[in-house]
Amino acid sequence: MKRKTVALILLALVICFLFWTEVDDFLSKDTYSMSEPSLSSSMATLSLKIGNQYFNLGQNGVYNLDRAEYFFKKALSFDKEVPDAWHQLARIDFLRGNFNGALEKINTQISLHGDSLMSSYYIRGLIFGYMGRFTEAEDYFKRFVEWNPNGWAGWNDLSWVHFAQGEYAEAAYAALRGL
């Protein structure tokens with residue numbers, strides 16, 4: 001066999017192994033009696049998990065933004081409200097420098113799911129910061145550090161936006177708080 005074929009077979013086996021419980025649960029259901037929303041929800045959840053593998057969530061997968069994006073969009077094609085898909089797509093747009101697209105997607109995530117994923121406020125802060133909208137970035141970093149006061153990332157980026165606005169005492173405080 002060609003190397004590419006062997007690699008694809010191995011990848012398929014790895015994906016089946018990683019998601020065996022979900023695949024087994026899905027395949028063991030009587031698909032003829034399964035309602036459309038249930039099927040869509042199962043497929044959306046499975047697609048989200050595969051997307052997270054390609055986004056290397058938790059450092060347990062591989063890093064391939066194109067494949068991750070494909071599966072997050074696939075998850076949304078099954079269920080427009082699947083948790084975290086909009087958040088992950090916003091992160092991908094952010095990494096690619098598409099800040100307007102990232103902002104649109106993170107706004108959708110927050111609109112649909114509110115405070116269920118507080119790191120969405122952190123991502124919104126990053127997007128605003130990279131857009132040069134430091135006051136708005138500050139608001140969302142503050143919201144994030146109120147929720148996670150012991151995490152360094154929110155304080156680090158809050159320090160950055162204070163510094164960018166010439167608020168050096170606040171920048172120093174936030175930087176020290178994050179240590």
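**Note on ring pairs, charges and salt bridges**

1. F128 counts as buried, at 6% relative accessibility. Buried means under 20% relative accessible area, exposed over 50%, and partly exposed in between, with a 1.4 Å probe and protein chains only. This is a predicted model: local features need pLDDT of at least 70, side-chain atom pairs count only at pLDDT 80 or more, and totals for chains, interfaces and linings use all residues. Residues are numbered from 1 along each chain as its sequence is written, and side-chain values use heavy atoms, with hydrogens and water left out.

2. The whole structure holds 16 aromatic pairs. Rings of Phe, Tyr and Trp (its six-membered ring) pair if their centres lie within 6.5 Å; planes under 30 degrees apart are stacked, over 60 edge-to-face, the rest tilted. F128 and Y140 are a stacked pair, 5.9 Å centre to centre with 25° between the planes. F128 lies in helix α7 (residues 119–130) and Y140 in helix α8 (residues 134–147), so this pair ties together parts 12 residues apart in sequence. Helices here are DSSP runs (H or I, at least four residues), numbered from the N terminus.

3. F134 and W160 have ring centres 6.0 Å apart and planes at 90°, so they pair edge-to-face. F134 is in helix α8 and W160 in helix α9 (residues 152–164), so parts 26 residues apart in sequence are tied together. W160 is partly exposed, at 28% relative accessible area.

4. Two arginines sit over tyrosine rings. The charged end of R143 is 4.0 Å from the ring centre of Y121. For R67 over Y54, the distance is 5.7 Å. The criterion is NZ of Lys or CZ of Arg within 6 Å of the ring centre and within 35 degrees of the ring normal.

5. Seven salt bridges are present in the structure. Each has a side-chain nitrogen of Lys or Arg within 4 Å of a carboxyl oxygen of Asp or Glu. E69 bridges to K73, with the closest N and O atoms 3.5 Å apart. Both lie in helix α4 (residues 65–78), four residues apart, about one turn of the helix. E69 is buried at 17%, whereas K73 is partly exposed at 45%.

6. R96 also forms a salt bridge with E69, at 2.9 Å between the closest N and O atoms. This pair links distant parts of the chain: R96 is in the loop between α5 (85–95) and α6 (99–113), 27 residues from E69.

How values were computed
Helix = DSSP H or I, 4+ residues; strand = E, 2+ residues; numbered from the N terminus.
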